Amino acid sequence: MSTQAKKSPTLDDYQKLVTSNNPMKAGFEAQKNSIDLQASEQQQQAYILNEKMKKYLTAVNSSYGQEGLGGSGEIAVANNYANNLGDIAKNKTLQTNDMFSSYAGMIQNEKNVADERKYNEGLLAEDRAYQTQLIEQEYKKAQDSKSSEVKRQSQMEIRGIIEGMIPLDIQTLMEQTKTTKLNKVQVNQIYGQYLAQYGQMLSVEDKNYLKVVLEAYTK
């Protein structure tokens, strides 16, 4: 999907970039693994809860002489499961962004002002490349799958990742402009950037939701 002349780094390239030749490598990797493990466990719990809900509703409907979940029940369970997965993806992205910010802050003391600025810009650029690659992977999964449930899960993953990216982008912009909130022009600018990069991967509902989230920073 990317139109950049330079190929976006792979996940392995990204991992090497932020940990190479640094004495804090072990701690950084341990923290990242902890975040990944927590998200994985939450996904497993969400799956178990989803299966229990399907069995429960099936049993309830059976007691009334009905078979299966029923149309509305099936939709409600599926939507709840997809929303849970989206929330997990969003929280994972927020925790990852916080980790990178903390990591960058620790190594800033080891560099002079010019080197710090250059490093931070590179770190944020690679962080965006990493998140974009995750989005592209989820989009491809949705495109390749014939399962409506997989498509819905991938869509919620994409929304969660983008929503998790917004606070870091907002913070960066406010630091650059030395403001404490955004104006309408800035909101539209960021919104346009997201649409240009990820628009084809978002539903109309997701685009509207994205605009609402961004506008919240003007209040």
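Student: In this predicted model, is the crossing of helix 6 and helix 7 right-handed or left-handed?

Tutor: Helix 6 and helix 7 make a right-handed crossing. The residues in contact are Lys184, Val187, Asn188, Ile190, Tyr191, Tyr194 and Leu195 on helix 6, with Lys207, Leu210, Lys211, Leu214 and Glu215 on helix 7. By class, 7 of these residues are nonpolar, 1 is polar and 4 are charged.

Student: How is the geometry of two packed helices described?

Tutor: The description rests on the angle between the helix axes and the distance between those axes. Here, the axes of helix 6 (residues 184-198) and helix 7 (residues 204-215) come within 10 Å, crossing at roughly 145°.

Student: At what angle do the axes of helix 5 and helix 6 cross?

Tutor: The axis of helix 5 (residues 148-177) comes within 12 Å of that of helix 6, and the two cross at roughly 135°. Helix 5 is therefore oblique to helix 6. The crossing of this pair is right-handed.

Student: Which residues of helix 5 and helix 6 meet?

Tutor: From helix 5, Ile162, Met165, Ile166, Asp169, Ile170, Leu173 and Thr177 meet Gln186, Ile190, Tyr194 and Tyr198 of helix 6. This contact comprises 8 nonpolar, 2 polar and 1 charged residues.

Definitions and conventions. Residues are numbered from 1 along each chain as its sequence is written. This is a predicted model: local features need pLDDT of at least 70, side-chain atom pairs count only at pLDDT 80 or more; totals for chains, interfaces and linings use all residues. Side-chain values use heavy atoms; hydrogens and water are left out. Axes are lines fitted to C-alpha atoms, for helices over the stretch in contact, and angles run from 0 to 180 degrees between N-to-C directions. Helices (H or I, at least four residues) and strands (E, at least two) are DSSP runs, numbered from the N terminus. A crossing is left-handed if the near helix is turned anticlockwise from the far one by less than a right angle, and right-handed if clockwise. Contact means heavy atoms within 4.5 Å. Ala, Val, Leu, Ile, Met, Phe, Trp, Tyr, Cys and Pro count as nonpolar, Asp, Glu, Lys and Arg as charged, and the others, Gly among them, as polar. Angles under 35 degrees count as roughly parallel, over 145 as roughly antiparallel, 65 to 115 as roughly perpendicular and the rest as oblique.
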